[in-house]
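Here's a quick briefing to read with the model open.

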Amino acid sequence: MAGQEWWSTFFEGPALELWRRAHSRDESREQAADVRRALRIAHGERVLDVPCGNGRLALELAAHGARISGLDASAEFLAEGRRQAVERGLEVEFREGDMRALPWSGEFDAALCAGNSFGYFDEPGNRDFLCAVARALRPGGRFLLEYPLVAELVLARREFRDWRLLGERLLLSDAHYDAGSGRLETTYLFADLAQASGALESRSASYQVYTAREVDALLRAAGFTRVELLGELEGTPFSRDSKAFHALAVRA
């Protein structure tokens, strides 16, 4: 089982290398375009990306005229994002910090939390994160939360083992749902196939699993209104047939 703050040491070394390979530049452009449409981001609006990783979405949003700030706990990823911003001639603010204690208040027109980045913390910590995002937004600001680990999707799985080959790196994952804690406990194995030994390394992660209804309630309790629960970002309402989950909310 992963430690309570597993995320503080997870994102380094092979985990970052595989994360870099997981999304192509074209995929990042397409996802950023979906985010722009969903959040109705206008040229010059201030947008918060949290956690931003190495800025793969932040940079694409900045390239289309948004004024972007990104926060992440990984100094290595943030340095990479800053280098890419300079190389591409883009202005993006990258900050290192804790996503539960964002250093902004009433400054952003929109915010996003992409990937499977929601649910890392214990339940008070997850609530703190949503409250911090609400504080960072201006009244009427929009928030997009991607949450592939929503209970309706997780509990519909028939197989909790998976593997991905990314170049010469192999990622194996084995997860189980702990009904007592409501968390998905996951073990990842990273293998470097370029080395004769395979250079196998193991990491553990733990994610809080909420139902769609619970996500709605958490967002409203944090200060959001007009919460929409969506499947894909085209605007289809979330249902038992959905393959993805997004919540689109507006700050009161």
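**A buried arginine, and what else to look at**

Arg-142 is buried, with a relative accessible area of 10% (buried means under 20% relative accessible area, exposed over 50%, partly exposed in between, with a 1.4 Å probe and protein chains only). This is a predicted model, where local features need pLDDT of at least 70 and side-chain atom pairs count only at pLDDT 80 or more, while totals for chains, interfaces and linings use all residues. Residues are numbered from 1 along each chain as its sequence is written, and side-chain values use heavy atoms, with hydrogens and water left out.

**Around Arg-142**
- Arg-142 sits in strand E5 (residues 137–146); helices (H or I, at least four residues) and strands (E, at least two) are DSSP runs, numbered from the N terminus.
- Its side chain makes a polar contact with the side chain of Glu-45, at 2.8 Å (a pair of N or O atoms within 3.5 Å; within protein, one must be able to donate a hydrogen and the other to accept it, and residues adjacent in sequence count only if both atoms are side-chain atoms).
- A polar atom of the Arg-142 side chain also lies 3.0 Å from the backbone oxygen of Arg-40.
- Leaving aside neighbours within four places in sequence, Arg-142 is in contact with residues including Leu-39, Ile-41, Asp-109 and Val-250 (contact means heavy atoms within 4.5 Å).

- Helix H4 (residues 56–63) is largely enclosed by the rest of the structure, because seven of its eight residues are buried.
- Those buried residues are Arg-56, Leu-57, Ala-58, Leu-59, Glu-60, Leu-61 and Ala-62.
- Just after H4, Gly-65 takes a positive phi of about 100°.
- Leu-78 belongs to helix H5 (residues 75–88) and counts as buried, at 0% relative accessibility.
- Leu-78 and Arg-95 are 17 residues apart in sequence, yet 7.3 Å apart in space, C-alpha to C-alpha.
- Once neighbours within four places in sequence are left aside, the contacts of Leu-78 are Cys-52, Gly-53, Asp-72, Phe-94, Arg-95 and Glu-96.

- Strands E6 (residues 161–166) and E7 (residues 169–178) run antiparallel and are joined by six bridges (two strands pair if DSSP finds at least two bridges between them).
- Asp-162 stands opposite Ser-173 in E7.
- The hairpin has two residues between the strands, and Gly-167 takes a positive phi near 65° there.
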